Amino acid sequence: MSEKSNNQGRAYEYICLTTLCSEISKFRCVEIEQNSAYNAAYCAWSQIGQALQSILLESAKSAVATIFDMEPMILEKSDDLLKLKIQTDNEGKNGDVRDIVISRKDVQWEIGLSIKHNHFAVKHSRLAKSLDFGQKWFNILCSNDYWNDIKPIFDYLKQQKDGNKNWSDLPHKDSDVYVPLLQAFMNEIRRSNDLNSEVPKRMVEYLLGEFDFYKVISIDTRRITQIQTFNLHGKLNQASQQVKPKIEVPIAFLPTRIVSLDFKPNSTNTVELYMDGGWQFSFRIHNASTKVETSLKFDIQIVGMPTTIISINCS
């Protein structure tokens, strides 16, 4: 992600947070935790132009009302303090994709929002010479076969890096790097899946995080805010003591098997994963810089989702 996109994303987090606070304060006590992530988001907000600020403000306002309809615990009349915070990057590294957390300590309740500005990407994981993606993604150590398969690829990349080469200088990067690396990646997923039937479930939990959340996406060109419900463990959409949710959010069950894992047709840098229950992902490998590096980044997209994950467009 470019610095500009990153700043706009942080700015969107800031205005979503402050809009939530402003609207909640009309009904109950609410407090924002002013941590380092909040300061970074405020700084990003102050650096974008007024035109974009106006768009993001309207986007945040349109999302808040719908979130209230799904989460009556937010506005429940109570003497306890409701807290809002933007999560730090370290929390994201530990398997939590939520950018904003809304919590009430006295009743042990919290929900989270993943805030996206003009993109739907899931994660930007990497493959590298000594990075054990199997352990990180589904808690199974990568096999010796995998390490042997990727060693010549990363040895080659190290030689090119030592020679101060650009990616554009590599004459056959698709056949020398992308294809064999993705083939090793797919082979290892298949091997791990043969060892443990929980691999599909664990992969989705890794890609989407271990906590249930709402994804809030501002799509500026269409002037809509899309909210997607990821209620994988039944933690979202709880009724308060007085009020039931106006919008029902079903539980989306995790997959149990891999249906297909192969290269996208006519592509040398993207593989597609199809699992039962409607779960579909694409993994596009790419170089994240001009200069050759000894690691490559994934752009991971959700291609298909279960029908129990609902999408709501807020104009």
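**Notebook: an open sheet and the helices across it**

I started with the sheet: seven strands form an open sheet with mixed pairing, in the order β1-β2-β3-β4-β6-β7-β12. For my own reference, strands (E, at least two residues) and helices (H or I, at least four) are DSSP runs numbered from the N terminus, and two strands pair if DSSP finds at least two bridges between them. At the edges I found β1 (30-32) and β12 (311-314), each pairing on one side only. On average, neighbouring strands here are turned by 20 degrees against each other, direction ignored.

A note on what I am reading: this is a predicted model, where local features need pLDDT of at least 70, side-chain atom pairs count only at pLDDT 80 or more, and totals for chains, interfaces and linings use all residues. Residues are numbered from 1 along each chain as its sequence is written, and side-chain values use heavy atoms, with hydrogens and water left out.

Next I looked inside the sheet. Strands β4 (residues 109-117) and β6 (residues 213-219) run parallel and are joined by five bridges. I picked out I115, whose bridge partner in β6 is V216.

Angles run from 0 to 180 degrees between N-to-C directions, with axes fitted to C-alpha atoms, for helices over the stretch in contact. Helix α1 lies across β1, β2 (82-86), β3 (100-104), β4, β6 and β7 (224-230), at about 170 degrees to β2. Helix α3 (residues 50-70) lies across β4, β6, β7 and β12, at about 40 degrees to β7.

Last, I looked up N7, which sits in helix α1 (residues 3-24). Leaving aside neighbours within four places in sequence, N7 is in contact with A44 and Q47.

Technical notes: Contact means heavy atoms within 4.5 Å.
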